[in-house]
Amino acid sequence: YKLLLSNYKSRISIKNMLHSSSPVFFKNIYCPLSIKRLSTNNYTGNNDVISVNSTRSLMESINNLAIFGNAGSGKSTLVNFLYINSIEEQYKYPVFISLRYLNETSQGIIEILKQQTLGYKTIEKSDNIFSSLLQKGFFLFIFDGYDEIKPDKQYKISNQIKELILQYPTNKYILTSRPMENLYELDSFHNFTIAPLTQEERKLFIRKQFPSDNQHIANIIINKLS
């Protein structure tokens, strides 16, 4: 759990465009997001909207979740919340994988996941432990940035993800990507996108970006947008 604690500490404080000089506590600036189910033939979706306030309640209703969205839509923010909240709720053991790193390695997904969980130990005992935990559905796997995989590797990695889900279906899986037609080949995933913020949510988000003594700036921005 030392590795998990280290990853947790690295995610509870972040920098962004408005807070680039020093990290801020993620929860202080986070505005809860909602996801909207995609329609079959395009990205417009329908009225099936889920407010995401808990990793446990979200993933107990959806085993395998794919989140589509363009740059800046909130995918990274949402999965950061899901990772942090999973630890705080003691729901599964979250493992976060940036898929772009698979472009530069010949290792399979199983080996990479084991390293992210148990470190770089390769002794037989750690292999047996990891295999047992997989069988028991101990994990929440977050695969971030499918669109960043090189085209010549997408088929291989897609098959590895499919095989992982087929062999170990009691774990939970989240995958993010910019809109891509061939991502639909991962047919075990429920496809969602980030729902636009409502007017009140936009106000809340803006207010959260400024400390209490600078709320006049937030008010100016809100009035201009209105």
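**Close-up 1. Residue classes in the lining of the largest pocket.** In this predicted model, the lining of the largest pocket comprises 18 nonpolar, twelve polar and nine charged residues. Nonpolar covers Ala, Val, Leu, Ile, Met, Phe, Trp, Tyr, Cys and Pro, charged covers Asp, Glu, Lys and Arg, and polar the others, Gly among them. A pocket is an open set of points on a 1 Å grid over the protein atoms alone, where a 1.4 Å probe fits, with protein on both sides within 12 Å along at least five of seven lines; lining residues have an atom within 4 Å of a point.

**Close-up 2. Centre and contributing elements of the largest pocket.** The pocket holds about 1,100 Å³ of space, the volume being that filled by probe spheres set on the points. Of its 39 lining residues, Gly 72, Gly 74, Lys 75, Ser 76 and Thr 77 lie nearest the centre. Two or more lining residues come from each of α2 (26-29), α4, β6 and α8 (199-208). The most, five residues, come from α4. Helices (H or I, at least four residues) and strands (E, at least two) are DSSP runs, numbered from the N terminus.

**Close-up 3. Gln 90 in the loop between α4 (75-88) and β6 (93-98).** Gln 90, although not a glycine, has a positive phi of about 55 degrees. Gln 90 counts as exposed because its relative accessibility is 70% (exposed is over 50% relative accessible area, buried under 20%, partly exposed in between; 1.4 Å probe, protein chains only).

**Close-up 4. Lys 92 in the loop between α4 and β6.** Lys 92 is not a glycine, yet its phi is positive, about 60 degrees. With 28% relative accessibility, Lys 92 counts as partly exposed.

Residues are numbered from 1 along each chain as its sequence is written. Local features need pLDDT of at least 70, side-chain atom pairs count only at pLDDT 80 or more, and totals for chains, interfaces and linings use all residues, while side-chain values use heavy atoms, with hydrogens and water left out.
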